[in-house]
Amino acid sequence: MRFGACLLALAAMATGLTACGNSAAGSIVDKAKNDKKLVIGIKIDQPGWGLKKPDGGYAGMDVDVAKYVAKELGVPESGITFKEAQSANREPFIQQGQVDMVVATYSITDERKKKISFAGPYLVTGQDILVRADDTTITDVESLKDKKVCGAQGSSSPKRLADKFGTEWESKNLTQQQGYGACLPLLENKQVDAISTDATILAGFAAQFPGKFKLVGKPFSTEKYGVGIKMDDKSGRDAINTAIEKMFKDGTWRKSIDANLGEFGKFFSSPPSVERY
Amino acid sequence: MEAVVEELPVILQAFWLTVKLAVISGLISLVWGVVLAAMRVSPLPVLRGAGTVYVNILRNTPLTLIIVFCGLGLGTVMNVQFSSDDLSVNNFWLSTIGLSAYTAAFVCEVVRSGVNTVPLGQAEAARSIGLTFLQTLRLVILPQAVRAVIAPLGTVLNALIKNTTVAAAIGVAEAALRMKNMFDAHGDAIIPIFLGFAAGFVILTLPIGLLFGRLAQRMAVAR
Amino acid sequence: MTQATVLYDAPGPRSRMRNNVLTLAFGVVLLLVAYVVWAKFDAKGQWDGKLWRPFIQADTWTELILPGLRNTLSAAAVAAVLALVFGAVFGIARLSDHRWVRVPAGVVVELFRAIPLLMLIFFAQYGGSLAGLIVTEFTAVVFGLTLYNGSVLAEIVRAGIRAVPRGQSEAGYATGLRKNQVMRLILLPQAVTAMLPAIISQLVVLLKDTALGFVVAYADLLNAGARVVPANFFNLIPSVIVVAALYIAINLALGYLATRLERRSRRSRKAPAAIAAPGIAGDEVAVAR
């Protein structure tokens, strides 16, 4: 019977390990004001958007937006803890309270609005195609039919192409790697002919290799990037929307785009309008 | 439960790919593993050294890293390409290379310990009737060594069958990746889907374990 | 004069000449292969100093690589402790006299040995959110590692206990000890020394298996080498090579530790022969990922 007690203790320990997190109720505005601290989810491997630098800091447009919004909510840069939020983890992290907000190339969709809420958009982009600079055969999404394409596992962009062209195309022409950074060597060495995902992510990578790649420039979907926060946090949404509008108005938005995307900043000519709900 | 029934063709297809990966990698690694073992016991220090280096590198590197390197390094840097037309075929063979290279290191070690179980007298007798090193190996030592290690070889094969799931890292549509996609598609039927795939692997590995156990008993060298 | 072993004679003059010729031939072949590989890498500019220079900068290591290593080691450490507990519990359970304990334990162990680790990790991630629990990648990886390696360790423990000479337990029973006490006071301590090399080998396997966390975006060492560093410096191949070297170094060190321990334990006490050493065994020690 002592054995049975041992098992019970083990089970209790196991559940304790997994369930130890707290999903605090309450608006992000209050948390920012009272604690002067925020945990913000970002990408850390997307050049131009969210990248962990060797000096320990983070750089990118999403990081700039996060810092600006936090400042407007009353949290200094020193009070921000950045946490990596991989694509598949963005909703769970917000729902479980592991992060207070997510600024990680996060597209606003109705599906996601069922679980969390969005402030913004702070940028509008679309799924686009990155090709080698000397490749003239790919001009729009239809020309991908006979081409090899690389995507990232867990991203919705390859799924969109697979839905469009069918499962046989998916098996023969689509390869899904771990992250878009792994697709770049494949494109460069002609293993694949194109990488397709949001123009923003493509621009971020391509900006690091001036002259090697080019964006086709004909987005075939619309992606609105927003700031994800808890469901039912209306005051949070309003506060963040106000902060974003201020960022558009005082020129910080434009400066950040140009600084992070270089020559590809031209694809983002003007800021979008914030959607309040 | 309906999700499992509905997706049964996809599940079977995924397991068929798993089996293909396992069988082809198994055959290649068996041959290459025996060659490596022969290298490691050969009279030439060059071969012994090369074999030792190979085995130590491959056994101490995670398989995930090897497969990622094969998927990205072999293709892009070494221009290894198996099919210019079909990416899934290309990835299949790249992961087969990675799996074979990795498993061969373990086959080598198993065969080598098998060689050590062959009594000294056998090799001495072989030498005394004038057989060369290669002949000794081929006619006297290896047949006995392999028969002695059939059970551990079965273990290696089972491990290989489970290791095929690591090919998911470069997007090969085998069982683990398909299961993950099904989790995404059918968010409410996670447990039946998992049990379905788990059952598949039990069906693959359990008979092999039993078969090799039986074979080991039957083919054990009577001493 | 080279040594004679069982498989080949001490070489006479003709053998020596033939051996030298063959050594030269194989040496040339190996060098050729190495050259081809080097040349292909060179053609793609992979030996370019720009790609390798980040690795002599201290902050690349402290900010990007070492945190990954720390995560790998922490996941391995936690999983190792849990797996040892799991293995001890289920290994002993499988030796129980009561069928209602022995059979379910057997089913659990065989089940988790048959399921690939990656599938356990996927299931932990998705199943956890289904149940409303918080499942970080760390938890999912540790969950999978614990169950899988725990099952293999259970088998090692079972083999280790059964290898203790029967006389020991018989003597224990003769002095009036209960089954539980015999296990605890007599069998386990002796079994542990015999099992130690096999256990350490399995822990090395566990450490290698943490790399599977890469597929679920756990920020481990492989993730640092294949995602984070290349995102900064665009040196995917060199980065993967450096990280591979790190893994090899760590695992070689652990393997060396295992052999030292085995040698020491064999010297210090007349324990039963070492159990399930890597190689000949009916177990998956050191064969998995």
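Predicted model: local features only at pLDDT ≥ 70, side-chain atom pairs only at ≥ 80, totals over all residues.
Residues are numbered from 1 along each chain as written, and chains are lettered from A in the order of writing. Local features require pLDDT of at least 70 and side-chain atom pairs pLDDT 80 or more, whereas totals for chains, interfaces and linings use all residues; side-chain values rest on heavy atoms, without hydrogens or water.

Chain A contains eleven helices and 13 strands (DSSP runs of H or I, at least four residues, and of E, at least two, numbered from the N terminus). Its radius of gyration over C-alpha atoms is 21 Å, close to the 19 Å of the globule rule (2.2 Å times the number of residues to the power 0.38) for 277 residues, so chain A is as compact as a globular protein of that length. Of these 277 residues, 53% are buried (under 20% relative accessible area, 1.4 Å probe, protein chains only).

At the interface, 17 residues of chain A are in contact (heavy atoms within 4.5 Å) with 15 residues of chain B. The buried area, the accessible area (1.4 Å probe) lost on being put together and summed over both parts, is about 1,300 Å², with carbon and sulfur atoms giving 48%. In chain A, K148(A), K172(A) and Q191(A) lose the most area to chain B, together 36% of what that side buries. The elements giving two or more residues to this side are α7 (167-173), β10 (174-177) and α8 (183-188) of chain A, and β10(A) supplies the largest share, four residues.

Conventions: Buried area = accessible area lost by both parts, 1.4 Å probe. Buried < 20%, exposed > 50% of the residue type's maximum accessible area, 1.4 Å probe, protein only.
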